[in-house]
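I opened this entry to keep track of what I look up as I go through the model. The notes follow the order in which I checked things.

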Amino acid sequence: QVHVRESGGDSVQAGGSLTLSCEVFGYTHNRACMGWFRQAPGREREAVAALDTYTGSLYYTDSVKGRFTIFQKNIVSAVYLDMSSLRPDDGATYFCAVRDRGCAGQSTFRAQFNHWGQGTQVTVSS
């Protein structure tokens, strides 16, 4: 059974930085699409960033380009989201998700992700 766990959420002031971590346990495939999504109260969940662990391809939603960086370290089962120049509208619950077959190119953010974490809260004050 795959288990996804996020951490690193915190309260920061606008303009600040934060790094979120995602660990995946029990994943046996050698390729995955690791994605970060977020949902603010009263708003729909939106994709933020994704990384294909096999190709290294990166995907970002427009609003975070140049401010957020998704990356992985040596192991397939961990991915991070480095966030800088945070704005109040970045505040949300951030979820990590895993897609078993890798990312889906331009359709990545509309693709189905198979495993989800419980989320970590990011609050940005003005």
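I began with strand 9 and strand 10, which run antiparallel and are joined by 2 bridges. In this pairing I found Ala 97 opposite Trp 116 of strand 10. I note here that the model is a predicted one.

Strand 4 pairs with strand 9 in the antiparallel sense, over 7 bridges. There I noted Gln 39, whose bridge partner in strand 9 is Thr 93. Strand 11 (residues 120-125) also pairs with strand 9, again antiparallel, over 3 bridges. Thr 93 turns up in this pairing too, standing opposite Gln 121 in strand 11. I then checked how covered strand 9 is: 8 of its 8 residues are buried.

**Aromatic rings**

How many aromatic pairs does the structure hold? I counted 4. For one of them, Phe 37 and Trp 116, the ring centres are 4.8 Å apart and the planes stand at 50 degrees, so I wrote the pair down as tilted. Phe 37 belongs to strand 4 (residues 33-39) and Trp 116 to strand 10 (residues 115-116), so this pair ties together parts 79 residues apart in sequence. I looked up the accessibility of both: Phe 37 is buried at a relative accessible area of 6%, while Trp 116 is partly exposed at 29%.

I then turned to Phe 71 and Tyr 80, whose ring centres are 5.3 Å apart with planes at 20 degrees, so that pair is stacked. Phe 71 has 29% relative accessibility and counts as partly exposed. Tyr 80, at 16%, counts as buried because the cut-off for buried is under 20%.

Back at Phe 37, I saw that ring pairs link Phe 37, Phe 113 and Trp 116 into a cluster. I also noted Arg 45, which lies over the face of Phe 37 at 5.7 Å from the ring centre.

An open sheet is formed by 4 strands in the order 1-3-8-7, with antiparallel pairing. Its edge strands are strand 1 (3-7) and strand 7, each of which pairs on one side only. From one strand to the next, the twist averages 15 degrees. Within the sheet I checked strand 3 (residues 18-25) against strand 8 (residues 78-83) and found an antiparallel pairing over 6 bridges. Cys 22 stands opposite Val 79 of strand 8.

**Two loops**

Is Arg 67 buried or exposed? I first placed Arg 67 in the loop between strand 6 (58-60) and strand 7 (68-72). Its relative accessibility is 11%, so Arg 67 counts as buried. The side chain of Arg 67 makes a polar contact with the side chain of Asp 90, at 2.7 Å. Leaving aside neighbours within four places in sequence, I listed the contacts of Arg 67, among them Asp 82, Met 83, Leu 86 and Arg 87.

At 43% relative accessibility, Asp 89 counts as partly exposed. Asp 89 and Ala 40 are 49 residues apart in sequence, and their C-alpha atoms are 8.5 Å apart in space.

Conventions. Residues are numbered from 1 along each chain as its sequence is written. This is a predicted model: local features need pLDDT of at least 70, side-chain atom pairs count only at pLDDT 80 or more; totals for chains, interfaces and linings use all residues. Side-chain values use heavy atoms; hydrogens and water are left out. Buried means under 20% relative accessible area, exposed over 50%, partly exposed in between (1.4 Å probe, protein chains only). A polar contact is a pair of N or O atoms within 3.5 Å; within protein, one must be able to donate a hydrogen and the other to accept it, and residues adjacent in sequence count only if both atoms are side-chain atoms. Contact means heavy atoms within 4.5 Å. Two strands pair if DSSP finds at least two bridges between them. Axes are lines fitted to C-alpha atoms, for helices over the stretch in contact, and angles run from 0 to 180 degrees between N-to-C directions. Rings of Phe, Tyr and Trp (its six-membered ring) pair if their centres lie within 6.5 Å; planes under 30 degrees apart count as stacked, over 60 as edge-to-face and the rest as tilted. A charge sits over a ring if NZ of Lys or CZ of Arg is within 6 Å of the ring centre and within 35 degrees of the ring normal.
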